[in-house]
Amino acid sequence: MLDFPRWKIVSISLFLAVMIALSIPSFVPKSVRETWPSWIPTPAINLGLDLAGGSYLLLEGDTKDVAESRVEQMRDQVRAEMRRDPKIEIGDISVQGGRLSFMVRDPSKVDAAREKLLTITGSGVGTTGQREWDIAVVDTSRFVLTPTQAGLNQAIDTAMSDAREVVERRINALGTVEPTVVREGGNRIVVQVPGLNDPTALKNLLGKTAKLEFRLVDTTATQPGVAPPGSELLPYAAGGQVAVHREVMITGDMLVNASQTYDPQTGEPSVTLQLDGAGARRFAKVTQENSGKPFAIIVDNVVISAPRINEPILGGSAVINGGFTVQSANELAIALRSGKLKVPLRVVQESTVSPELGADSIKAGITASIIAVVAVIAFMILTYGRFGIYATMAVVINVLVILAVMGMLNATLTLPGIAGFVLTIGTAVDANVLINERIREERRRGRSVMQSVELGYKEASRTIFEANVTHAIAGVIMLILGSGPVRGFAVVLLIGIATSVFTAVVFTRMLVTIWLRRNRPSEIHI
């Protein structure tokens with residue numbers, strides 16, 4: 001048990017030296033770290049909202065649009081699938097009351113149409129194992145498709161999960177540090193952005209659904225305020241309304257990238273779009289067939305611009321000009337490339353945490369940590385002498401290793417995380433208390449110094465392992481089921497459990513082994 005070969009001593013020493021070095025950036029201000037050479041690693045802990053200050057937003061999704069879009073998508077799918085089989089002729093597909101219906105012209109083809117509908121709707125059963133669509137036949141040849149509540153709930157859950165990812169991508173694109181974006185309940189998203197004291201731009205960005213569409217302008221519309229059949233009126237960003245065809249040429253799903261640029265002719269801010277392969281081919285075909293006609297670039301059902309197609313556009317790129325500022329063009333580019341929101345989001349609660357409050361929390365946390373460290377050190381040294389000094393060294397190194405690991409994980413430290421630090425300081429020496437008390441017990445039984453130390457570490461290690469496994473199970477449960485501050489506490493706790501076992505058992509055992517080899521004491525004061 002006390003056999004420590006030289007290679008193991010060197011390996012442990014080098015490992016701890018590297019971890020101590022990696023903990024240093026967390027003590028250095030960010031402005032100083034940015035001046036360091038690029039080859040120097042600078043893993044540092046990020047401060048959470050309660051420590052660094054920042055913005056808190058509670059977003060609520062308007063899920064009523066999910067049901068409407070679900071029915072609209074099904075209508076498009078049914079129309080496309082039925083057109084593939086020329087033997088099945090159907091009438092117009094109508095949508096009313098959240099249901100869609102259509103008639104099969106030849107009643108003998110009803111069974112064939114039903115088979116196709118079952119294929120479209122996944123045999124009527126979704127991933128939850130419950131039926132997502134009810135399919136009924138009325139008057140022998142009319143089909144009526146009605147979304148079930150289970151299917152709707154699944155669609156809402158998927159839409160909100162996608163919305164959380166889109167919100168996170170948009171916030172990250174702003175260059176913020178370690179935002180927290182988590183779902184709360186069925187239709188809410190919590191956003192915490194440390195260091196952001198003015199959430200206005202963030203709210204504007206998150207409020208954009210970013211539904212991008214390219215449609216042809218209906219040039220046959222002559223009467224103001226009236227759209228010809230097959231077209232609809234949409235508001236124009238520059239004022240007034242524009243009649244556009246309902247058929248969508250290009251959608252945001254075909255977008256590869258969007259970036260803020262400048263118009264080469266006017267020098268004004270603009271947004272450049274790059275389409276994927278399918279989108280580029282589709283765009284080239286449409287511009288070739290409609291040369292000389294105007295087309296509308298629509299974002300969130302508002303016509304941003306309506307340029308004329310002077311020549312075929314073959315490169316798969318387009319430019320949006322709409323009287324942008326640099327900030328508004330950048331926000332639109334971020335919203336477009338991060339993907340559209342399947343549900344509109346609105347801010348139902350917001351607050352700003354002052355950095356001064358975070359500074360007070362940090363000061364109080366540091367004070368509590370210092371008091372805890374001093375008290376633990378005094379107790380260990382007075383109680384266990386030399387072995388208490390080794391335990392103290394283990395505690396200090398344990399704290400530095402925790403900082404290094406959190407820095408490498410780019411973790412965020414919150415006020416509960418500081419509480420986890422203080423708790424870790426106490427539990428870090430708990431293992432050494434068990435070991436030292438077991439060594440005392442073995443000495444009382446008359447065993448030699450070497451035997452007592454070896455048995456003390458061997459027997460206590462089993463208890464230490466079992467105790468920390470139970471702590472780790474509780475930490476994992478908090479990490480999985482918790483959110484926000486609870487997760488912050490769990491992260492520090494789990495890291496602290498792993499590092500404290502290593503430093504309290506392996507590191508102190510190495511120090512004790514080195515001392516025993518050099519001095520060969522016949523008695524120890526413990």
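In this predicted model, four strands make up an open, antiparallel sheet in the order β12-β9-β15-β16. Strands here are DSSP runs of E with at least two residues, numbered from the N terminus, and two of them count as paired if DSSP finds at least two bridges between them. Because β12 (250-251) and β16 (302-305) stand at the edges with a single partner strand each, one side of each has no neighbour in the sheet. Strand β9 (residues 212-216) runs antiparallel to β12 and is joined to β12 by 2 bridges. Within this pairing, F214 lies opposite I250 of β12.

A further open sheet holds 3 strands in the order β13-β14-β17, again with antiparallel pairing. Its edges are formed by β13 (255-262) and β17 (317-320), each of which pairs on one side only. From one strand to the next, the twist averages 25°; such angles run from 0 to 180 degrees between N-to-C directions, with axes fitted to C-alpha atoms, for helices over the stretch in contact. Strand β14 (residues 269-275) is connected to the antiparallel β17 by 4 bridges, and Q274 has S317 of β17 as its bridge partner.

Two helices (DSSP runs of H or I, at least four residues) lie across strands of this sheet, where contact means heavy atoms within 4.5 Å. Helix α8 (residues 277-289) lies across β14 and β17 and runs at about 105° to β14. Helix α9 (residues 326-337) lies across β13, β14 and β17, at about 175° to β13.

Residues are numbered from 1 along each chain as its sequence is written. Local features need pLDDT of at least 70 and side-chain atom pairs count only at pLDDT 80 or more, whereas totals for chains, interfaces and linings use all residues; side-chain values use heavy atoms, leaving out hydrogens and water.
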